[in-house]
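Here is a brief report on pockets and aromatic contacts. Please look over the sequence and model first.

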Amino acid sequence: MKTVSIAKVIRERRSIKTNYKPDAVSEELVLELLNDAVYAPNHGLREPWRFVFVSTEKKEAFVERLITVYSPDVHDKRREMYSQPAAYLIVIMKEDPRQKQWEEDFSAVCCMIQNFQLLAWERGLGVVWKTNPHNWDPKAHTILGVQPGEKIVGFLHLGFFDTENPPAAKTRTPAEEKFTRFE
């Protein structure tokens, strides 16, 4: 069994925004990845997430409904942009009215999304986590069945990509430059 360094996977993972292959993203693969991703740390095992999957087969109809959230003058541009991924996974969070619990839950959902991205990368599935204006739009909430007391944390754009030529790495600021010691 080949082992891969977790640090290597973290450093090599990229957000795949374009140039998706036409291959369908299966519900089975998404569920397999999610069943591992949900092992993210979450306070009290509240598991504050739920998911809406838009399959490759349903994507075109979904995009046509989603663009109606925007003014007609940008429909063509949005249609083109939202048609690029092969599928979507929308991550929705229960919003706790208590600030501490809300922040814990949001952090847990973010950890779960990062787990999903790393697991997808390992399988050659590209992911980019988007927070576009429609995430807060009541019309988009209606389309997706988002209930009062829920929040869209992100649209995950999904699609297979050329694993031999992933996007180049962008440099990060060394931790030492943001590191202080309590004196």
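What volume does the second largest pocket have? About 370 Å³. A pocket is an open set of points on a 1 Å grid over the protein atoms alone, where a 1.4 Å probe fits, with protein on both sides within 12 Å along at least five of seven lines; lining residues have an atom within 4 Å of a point. Of its 15 lining residues, R14, S15, I16, P167 and A168 are the closest to the centre.

This is a predicted model: local features need pLDDT of at least 70, side-chain atom pairs count only at pLDDT 80 or more, and totals for chains, interfaces and linings use all residues. Residues are numbered from 1 along each chain as its sequence is written, and side-chain values use heavy atoms, without hydrogens and water.

The largest pocket holds about 430 Å³ of space. Among its 13 lining residues, V4, S5, V9, L118 and E122 are the closest to its centre. Helix α5 (a DSSP run of H or I, at least four residues) gives the most to this lining, with 5 residues.

The whole structure has 6 aromatic pairs (ring centres within 6.5 Å; stacked means planes under 30 degrees apart).

| Pair | Centre to centre | Angle between planes |
|---|---|---|
| W102 and F106 | 5.3 Å | 10° |
| W121 and F161 | 5.0 Å | 25° |

W102 and F106 are 4 residues apart in α5, so about one helical turn separates them. W121 and F161 are both buried (under 20%).

Notes: Grid points are joined across faces, edges and corners, and a volume is the space filled by probe spheres set on the points. Helices (H or I, at least four residues) and strands (E, at least two) are DSSP runs, numbered from the N terminus. Rings of Phe, Tyr and Trp (its six-membered ring) pair if their centres lie within 6.5 Å; planes under 30 degrees apart count as stacked, over 60 as edge-to-face and the rest as tilted. Buried means under 20% relative accessible area, exposed over 50%, partly exposed in between (1.4 Å probe, protein chains only).
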